[in-house]
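The following exercises concern a predicted model. Please study the sequence and the structure before reading each solution.

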Amino acid sequence: MQNEETAAPGVETQADSVATPTRKRPKPGERRVQILQALAAMLEQPGAERVTTAALAARLEVSEAALYRHFASKAQMFEGLIDFIEQSVFTLVNQILEREGATGAQQAARILTLLVQFAERNPGMTRVMVGDALVYENERLQQRMNQFFDKIESTLRQVLRGAAAADGSTTPTVDAQVRAAALTAFVVGQLQRFARSGFRRAPSEHLEATIALIV
């Protein structure tokens, strides 16, 4: 005979109904992603000043010591964001370059569009890309973003050289170098305006018409 104090299977006891749910421990690597997502979200706030680890920890409801269990420094957190930017953008750039049948000018236009669309969808990352979020951080972070845009310019120069040669230019290398520098300056300017307007001026504003004029 069943003991009266024993609950039948599937029946909730009073103790069960008032039990405090335990917080799930993040899986390995999951907390790192959460930290980077929170950092990016804080950078999306228009007019946001320097993000401190104390503010970041408060947003995540953890201690600062918990942050440093996953990242040795705040610079490492920003490096994580830069890693994401580089991997995301250059994976798509490579896909553009691998497509057959596109002219150099078309490839250049698609690369510019890719950069603008990525920035527009990731406002916090835009502040990293243009250096606004890195002003008070380690200098090597800004150097990495400089190298990022140097690589973009180099890629544009590569695709535009073939286009210049096809157009009959007698100095395709020089022409491609000039155009690549101008196009890189254009896209950086669009991103800077987006960030400094508090994300009100979309970098894609009149983009198609502008690219048609300059590419």
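**Exercise 1.** Determine how helix α6 and helix α8 are oriented, and which residues join them.

*Solution.* Helices are DSSP runs of H or I with at least four residues, numbered from the N terminus. The axes of α6 (residues 104-121) and α8 (residues 139-166) come within 7 Å and cross at roughly 155 degrees; axes are lines fitted to C-alpha atoms over the stretch in contact, with angles from 0 to 180 degrees between N-to-C directions. Therefore α6 is roughly antiparallel to α8, a term for angles over 145 degrees. Next, contact (heavy atoms within 4.5 Å) involves G104, A105, Q107, A108, I111, L112 and L115 of α6, together with F148, I152, T155, L156, V159, L160 and A163 of α8. By class, 11 residues are nonpolar, three polar and none charged.

**Exercise 2.** State how far the model may be trusted.

*Solution.* The mean pLDDT (the predictor's confidence in each residue, from 0 to 100) is 87, and 85% of residues reach 70 or more. Over residues 2-21, however, the pLDDT is below 50, and this stretch has four contacts beyond near neighbours in sequence. Where pLDDT is low, predicted coordinates should not be read in detail.

**Conventions.** Residues are numbered from 1 along each chain as its sequence is written. Local features need pLDDT of at least 70 and side-chain atom pairs 80 or more, while totals for chains, interfaces and linings use all residues; side-chain values use heavy atoms, without hydrogens and water.

Terms used: Helix = DSSP H or I, 4+ residues; strand = E, 2+ residues; numbered from the N terminus. Parallel < 35°, antiparallel > 145°, perpendicular 65-115°, else oblique. Nonpolar A, V, L, I, M, F, W, Y, C, P; charged D, E, K, R; others polar.
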